Each structure stands twice: as structure tokens, then as C-alpha cells.
Amino acid sequence: MIPVIIGVSFLVFFIMDLAPGDAVDLMAPEGATAEDLMAIRHDLGLDQPVVIRYIRYMGGMLHGDMGISYVSKTDVFDTYMQKLPATIKLSFASILVSVLLSVPLGIYSATRQGTIQDNISMVLAMIGLSMPNFWLGLLLIIAFSLHIHLFPSGGDQTLSAIVLPALTIGTGLMATLTRTTRSSMLDVLKQEYLRTARAKGIPEKTVVMSHALRNALIPIITIIGTQLAGVLGGSVLTETVFAWPGVGRLIVDSLNMRDTPLVTGSIIMTTILLSIVLLLVDLLYAVVDPRIKAQYIIKRGRKKRG
Amino acid sequence: MEQTTERKARGQVAEIWHQFSRNKGAMVGSFIVLVIAFIAIFADVLLDYDTQVVGQNVAERLQWPSAAHWFGTDELGRDIFFRILYGTRFSCSVGLVAVSIGLVIGVTLGAIAGFFGGALEEVIMRSTDILSAVPNMLMAIVIVSVLGQSIWNLMLAVGITSVPQFVRITRAAVLTVRNQEYVEASKAIGLTNGKIIFKHILPNCLSPIIVQATLRVASAIISASSLSFLGLGVPAPAPEWGSLLSGGRKYIRDYSYMTLFPGLAIMITVLALNMMGDGLRDSLDPKLKK
């Protein structure tokens, strides 16, 4: 994880340096002389070569100092943390929408493989996959905010403001999750232990919902985890469309201001967050599937002996 | 018994085509893709760019869809139907070129990593991890906003973000082929590594790469239009679909048709490409068929 973070910081820092012009050009007061600009650059350390700046920056990182925004002069870490709750709220709401809609639909399709219902839901999933997400957001605004005044079209002041953005992201994620649920369920439904369960006289509903679903969970959890990581990274477009004050918009805004410390810091924080979520998903496997835990224990045991 | 002998008589390509043509979704998808490609190639013949696509006609501004203007007109009186038709050229070329960039870089790196292994593989794969640790959209936004707004930078940004996937897929495919006997044989007769990779290994890794490329074009079109929507794509007045959407957004309250149609165009194109890609996957790799 740490090499990846160092790599990401290196990549972003140097890409930002390729840009023509810097923050000083954008924020300098009207009528500032060339000397004024040089003085500001000197204060910010921008007159140093990029390698020196990078080393200094990483030196700060080592003791948890992510630097100060060029533009707003606030601490980068604090600014990021201010925006993070909104993104987390939206991410979990979206995942909830996606899971509640996709998992039942996927199971429904799998148990009726090859029927019209199955085909229709697969076509719907394919359409969902092909729709640009921000366009869906705009359509939802037209329908539910401009025609029927049900939900606000932007901001996060009221509780109902989260409905439309969460629906937008959630239905966007739905396609992949439905398809995964369906194919994973189809694999499991062919297994012999399900025939055994049926032969024992267990009602079909229990067979599908507990015997089959539990064994089909691993790929489903993988997809949910990756999707959660994806939305936590900031759904730049949905946040823009709905004026949602989250991390995605923070990064785009600071990019426009050439605010290198804020951009680099936010992207590093995002990367750390994503790695943690993906790690948690890996740990969750062991909880869901005892076989994985058993394998791990066996391996460890062998190492000890060897 | 007759069935099997008949199957064997067909060549590999014919067999794939046979599988592919039986898949209705894939055929419909490919047909739509062909139509869209036709429109993109002949956009210049069908429409006059200066008068019909970017020419302003203030007398007819903001008209709802009618017989004269099928999809209505925008705030400068330009016909939205014509603009979308011509926009096919921008959106599709961005998708194609971006994926080609990702394909060339990704396949080369993936093949090198898979074939040589060792430290070289380690370096390539770790760099790939770093590149894919940043969310694709964010990376593309950073690249475009740093390099400046132009259609080439847009292609480059979307292309670079699709490199990691091509690297991984190619490496995985090369690993399965690397130890086959024919590779050993070509080493034994003294072929250079480059020849072995390009003539003997890659042709046997083609199917996953082709499928990935088709599906990638679809997502590249969405990424490109998203960037244009944020004002980071093709500069105005070129009628890229994402830019049309972002233009329509200002008039969303009273002229919602301006938002509806460009998105529909993106959706149909991407849907067709996805259906074609799914069909290709099923026919190229029967093992994957669910």
C-alpha cells in the first residue's frame, strides 16, 4: 500500500508540474508586477525546481503534514476531511439503492433463466450499463424536480436532497451488480448440494434464499466492494450535476485553480481510502466463506511447522 | 454425428461467425454499430459543417422538436438533430483513438511483462497498480486539465486511463501461452524475442484482447462525453455529444429536449457496442458463456 501511495503522489505531483502556468498566475491581484509574482512564488516555494519541491512535500508527508492550500491557505487534510462526510453519505446511500434493487433482481433472473422475465431484466441491466450516469441524473432532475416538485435538484441542505443523486449513482451501479448476482447464482444453482437440499424437502424459497445465496455471495461482495471504493473516490459528475459538496468537486475545483497541494493531497487521501475499503472486502471474504478462513489457517500452520 | 462432422469442416473464423450470427443481440448491436460508423464516415457528405452544424440562425432559436427540426433547435438556432449526427464523428473517433492508444501501450507492456517475467515484469505490474489506484475519471480529469483542452488531449487522457486493463489482460493471456511447445520450438530454431512475441504469442492471445477493446470503446465514449460535459473535452462549437449535453443543461428548466436527445445518442451507441462486445466474447470464448 505504501509504495502505491508514494507512486501516486509522484505521478500526480509531476503531472501537475507539466501544466503551463501555476496557481500564482491565477490568484495574483490585478496589476501585480513581475516582482510581486516572484515574491509570492518565493513565499510558496514555487521558485524551486520540481524535484526539490517534491522532496520537501514528501518530507512533510512523513510526519503527517499534507501541506497548505495555495489558494485558500487552509490545511489540506482539514479541507479534505470537511468534504469527506458528504461523499461518504452519498456513497453508502447509492450502494444501498444498488444492492436493494440488484440482488433481488439478479436472483429473480437466475431462478427463471431463459424466460422472458430473465431476458427483459438482462436487457434492462444492459441499458443501465450503457447510460451515461450524469445524463440519467439530468433526466431525474427533469422528471422529479422540475415537473413533479418532489425532490430538490441540488445541494445537501435537506434530507430529501440525497434521493436523486443516490438514485443516479445507484442505478448506474445496478447493471453490473445484477449481472454478477445472476451469473453467480446460476453457477451455484447447478450444484449438487442444492439437489440434496430439495430432496430433503426444504421449500424452494429457503433453498434459493439461504442455501444458494450464501454460496453465491463472494463475487457479489467483491463487486459491491469495488463499487463502494469507486463511489468513495468521488463521483465527480454526479456531484457536479447535483451541486453535492463532496470530494469529487473539491478535486475538480482545486485542479482549475492549479492548487497542487490540495489536488495531490486529496488524490492521495482518496487512494488510501480505496485501499482500506478493498482490504476490508478481502477480510469480509473470510467471514462469509469459512473455507477461505480454513485455507488461511492451514497455510499459516504449515509455515510454522516448516 | 453428422452435426459434429459438419462443424469440423468449418474453419475457425467461420465457426466464430456461426456462433456470433446466432446471437440476436450481437447482430442487432453490430448492425447499429455499422450504421453509426457509416454516419461518422460520411458526416461531411450528409451535412454541410459551416451552415448546418455550427451556422447560427437566431430567428429559429429554442424551438421544440417539429417536422422541420426533428430534435428542435438550440439557443443559437442550430438544428440539434444535425449537430448530433455530426457529433457522431467526434464521439466515435475519440472512443476509437483513445482505445487504440491504450491498446498499443497496454498490449506491448503486458506482453513484455508476461514473456520476460522477472524484474521487468515486477516494474511494469507495480506501475500498472499505481496508475489504476487513482480512479479512472479523476486521472483523466487531471491529465486533460493539465495538458489543456483539446480533442487530442482528451483522446490521450482516456487512452492512458485504459492502459492498466490492457496490460493485465495481455499479461494473463501471455502467461497461459508462454510455456506451450510451439513457443519452445520457435526459441529452438533461433527466432528473436520480438518475432516470438508478435508472430507466435500475441496471435494466440487475441480473443480476450479483442473483446476488451470492443467493450472499452463503449466506456471510452462515455468517459469522453463526461469530460466534455465538465468542459474539459472538445472545445465549442464542435458538436461533441457531451458538450451538447452540457449546453442543454443551462436550458434544462424550459427546454428539456436539449438534454434528452444527445444523451439518447450516447446511450444507443454504447448499448450497441456493449451488445456486440458481449456477443464477441461468447463466440470467441465458448468457455466463458454463461
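**View 1. Where chain A and chain B touch.** The contact draws 38 residues from chain A and 33 residues from chain B; two residues are in contact if their C-beta atoms, placed from the backbone, lie within 7 Å. On the side of chain B that touches chain A, at least two residues come from each of α7 (118–133), α8 (136–147), α13 (206–229), α14 (241–249) and α15 (257–284) of chain B. Helices here are DSSP runs (H or I, at least four residues), strands are runs of E with at least two, and both are numbered from the N terminus. With 8 residues, α15(B) gives the largest share of the side of chain B that touches chain A. Sorted by class, that side of chain B holds 21 nonpolar, 7 polar and 5 charged residues. Nonpolar means Ala, Val, Leu, Ile, Met, Phe, Trp, Tyr, Cys and Pro; charged means Asp, Glu, Lys and Arg; the others, Gly among them, are polar.

**About the model.** This is a predicted model, in which local features need pLDDT of at least 70 and side-chain atom pairs count only at pLDDT 80 or more, while totals for chains, interfaces and linings use all residues. Residues are numbered from 1 along each chain as its sequence is written, and chains are lettered from A and ligands numbered from 1 in the order in which they are written.

**View 2. A closer look at α7 of chain B.** The 16 residues of α7(B) reach 23 Å from the first C-alpha to the last, close to the 22 Å expected at 1.5 Å a residue (1.5 Å times one less than the number of residues). Which residues of α7(B) are buried? They are B:Thr128, B:Ile130 and B:Ala133, where buried means that 20 or more other C-beta atoms, placed from the backbone, lie within 10 Å of a residue's own. The buried residues of α7(B) pack against α10 (163–178) of chain B, and also against α1 (2–18) and α13 (260–288) of chain A.

**View 3. Chain A on its own.** Chain A has 14 helices and 0 strands. Its C-alpha trace spans about 85 × 70 × 30 Å along the principal axes. Of the 306 residues of chain A, 37% count as buried. Among contacts in chain A between residues at least 6 apart in sequence, 72% join residues at least 24 apart.

**View 4. Chain B on its own.** Chain B has 15 helices and 0 strands. The C-alpha trace of chain B spans about 75 × 55 × 35 Å along its principal axes. Of its 290 residues, 44% count as buried.

Conventions. A residue is buried if 20 or more other C-beta atoms lie within 10 Å of its own, exposed if 12 or fewer, and partly exposed in between; C-beta atoms are placed from the backbone.
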